[in-house]
Amino acid sequence: MTHLFYFLTVALYGCATAAYLACLLRTSPFMTRWAGRLLVAGFTAHLLSTIHLASKLKYLPLTNMPESLSFFSLAIVGGFIFFERRYKVTTLGSFVVPVALMMLTASSSLYAETRQLPPILQSNWFWFHALLAFASYACFAIGAGVAVMYLIQNYFLKTKNFGALFQRLPSLDTMDEISYRCLAVGFPLLTVAIIAGSIWSEQAIGSYWVWDHKQTWSLIIWLIYAALLHGRLTIGWRGKRAALLSILGFIVVLFTFFAMKHSITW
Amino acid sequence: MNIIVVGLSHKTAAVEIREKVAFSPNQIEKPLGELIGLEGIIEGVIVSTCNRVEIYATTRDIAGGIARIKRFMADYHHLPCEVLEPHLYSYHAEAAIRHVFRVASSLDSMIVGEPQILGQIKTSYGYAAEFKSSGIILNRFLHKAFSVAKRVRTETKIASSAVSVAFAAVELAKKILGDLSDKTVMLVGAGEMCELAAKHFLNSGAKGVMVTNRTYERAEKLAEEFGGEPVRFETLFEHLHRADIVLSSTGAPHCIIGPKDVKEVLKRRRFKPMFFIDIAVPRDIDPKVNEVENAYLFTVDNLQEIIQANLAQRSLEAEKAEQIIDQEIGQFHKWLSTLEVTPTIVALRSRFDEIRRAELDKTISGWKEMPPDAEKRLEVLTVAMMNKLLHAPTSALKQAGQGGRVDLYVDALRQLFELEALQHDDEELELEE
């Protein structure tokens, strides 16, 4: 059952990715509509598969790399669907949906084993921490996608290159605003996630902060985004500078996510 | 039945002629009435805009119909026919259908893709429908034209690209600044192109205009024209930070805005992006301004490039639009031709039956001693003969109805067998929006 949902999700995300990439090459209202529909269908299948897995495991599937990847991708797609509805930015899909698809395919070993959950993870603070962390990561992922688009469009405008891609990309203003929204939502989520994580750490190993790799890097991520938010709010950073910083932030997020194992769990 | 189009447009007549033959929409009932009162004209619609005056009609007699409409246009406006004649064009059959589809889709407009024409045709049709001068064929025809125009609009990008410098500037500004409704324009110096661009920005929703000029009076005058704010030239940099869009065209020999100024100004406006257009030769704005973060400088040459690209794009899109029109013409033509098949078959049958009955009556009444069931037998015989004779032409006609040559058959049959003019029922027509 879970397998079925998984393959269905991969198939639908695959089709949606193809459709979004096609939108980049050729605008057609028909294609745009179907890209959106395929993605919503894929998201629904993904959500059902996650719920199904959670009910089978009796815990939220966030406890190992494949589970987390799948959840990461779910959060990104959910966030993107929201932004696409809100700002009508189909082109963003061409940058974000392929990433979600890659993450999902990378999580294919997801359902290999059901294991006994280590007692250390059986804390409500852990679930709270993990859920919020992924929600914030999804925001940062979308923010980074928009930032890449911003840089491309900015380059086109500066070099007076008015090709087809220039026509399809949204205005600088829209992209800057989406990027800011992602930050404004993602940063508080991350802050609360780090606090929840340290409370959980206290419960699990008796110390709020142990300066292991994961915690140190999480703090670095927090500092980068704090700097960006501060720069935006007080100095009026925007545009290229903000885009570069949010891409940097997301690279560190990815690095932390893939390379830094948690000393507590793994 | 044939659709004919007679008219003139910006392509064939100058405004002096066009204004003379325009029909005022307030008094459209009278000409519509006269139009369908013309001999041989069955239905009629009058479209009159500032760029074209056209009459759509249906008739059996193409040449006569066209000639009478031409005369009507001249007479109605008290013009000699010879004056009007060289400006008039006329189309019939497929060419007429294509013409109207192209006009409705704005492919024949002065600015290809401009959207007003569709609304104008809809209004004209509204009058014709109100005064009952349009009937089953023109109703269907114009509704088809509206749906073709809609298809062209949604399936091609014919209307979505800018082909004038002013318009291109607005489009470009939107790509940077997004929504223009809270944006302010600064006009530096006067110049026709700048003023035109400023007007376009205001039409596109820009919040306000500031105007500066070396002679303050000139600035004041222009500002008044735009409902904007005059700014003394010496104080330009005290006000520049309030402008999101800067249009410059002074006659200054050197650059008046440099990268350092722009950096200062941007800092004051918390790095909100600025859009500069330099129209002056020699240039007013240092090209290095383009390298300043969040400042975007464009010259007229850049805008021209966009326009060239858009024109190329537009002609591509126009080709797509013509393809759509081709498809739709085929469909409509088919409907128009099959419209006459069934009534022709009915008329043919009744013509034959009429002859059969007449001859039968003649034979029977002249017969002295009739065998007992002779009348019945003769009846059966003649009906069978008639059916056999009619079978081949009827099925040929039905098949032609699915092909394309139906007009030929219908006309031949009607002439060969002297069938009377066909009447159409209005009932079967179901209007789509």
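**A guided view of the two chains**

In this predicted model, Phe276(B) touches Val246(B), Ile285(B), Val289(B), Ala295(B), Tyr296(B), Leu297(B) and Phe298(B), leaving aside residues up to four places away in sequence.

Attention may now turn to the place where the chains meet. Here, 15 residues of chain A are in contact with 17 residues of chain B. On the side of chain A that touches chain B, the elements giving two or more residues are α5, α7 (172-205) and α9 (239-259) of chain A. That side of chain A consists of five nonpolar, four polar and six charged residues.

Helix α5 of chain A, residues 124-159, is also where confidence in chain A is highest, at a mean pLDDT of 93. Confidence in chain A is lowest in helix α6 (residues 164-168), with a mean of 85. Over chain A the average pLDDT is 87, and 94% of the residues score at least 70.

In chain B, helix α14 covers residues 341-365. From the first C-alpha to the last, this helix of 25 residues reaches 36 Å, close to the 36 Å expected at 1.5 Å a residue. Its buried residues are Thr344(B), Ala347(B) and Leu348(B). An α-helix has 3.6 residues a turn, so residues three or four places apart point the same way.

Note on methods
Residues are numbered from 1 along each chain as its sequence is written. Chains are lettered from A and ligands numbered from 1 in the order in which they are written. This is a predicted model: local features need pLDDT of at least 70, side-chain atom pairs count only at pLDDT 80 or more; totals for chains, interfaces and linings use all residues. pLDDT is the predictor's confidence in each residue, from 0 to 100. Helices (H or I, at least four residues) and strands (E, at least two) are DSSP runs, numbered from the N terminus. Two residues are in contact if their C-beta atoms, placed from the backbone, lie within 7 Å. Ala, Val, Leu, Ile, Met, Phe, Trp, Tyr, Cys and Pro count as nonpolar, Asp, Glu, Lys and Arg as charged, and the others, Gly among them, as polar. The expected span of a helix is 1.5 Å times one less than its number of residues. A residue is buried if 20 or more other C-beta atoms lie within 10 Å of its own, exposed if 12 or fewer, and partly exposed in between; C-beta atoms are placed from the backbone.
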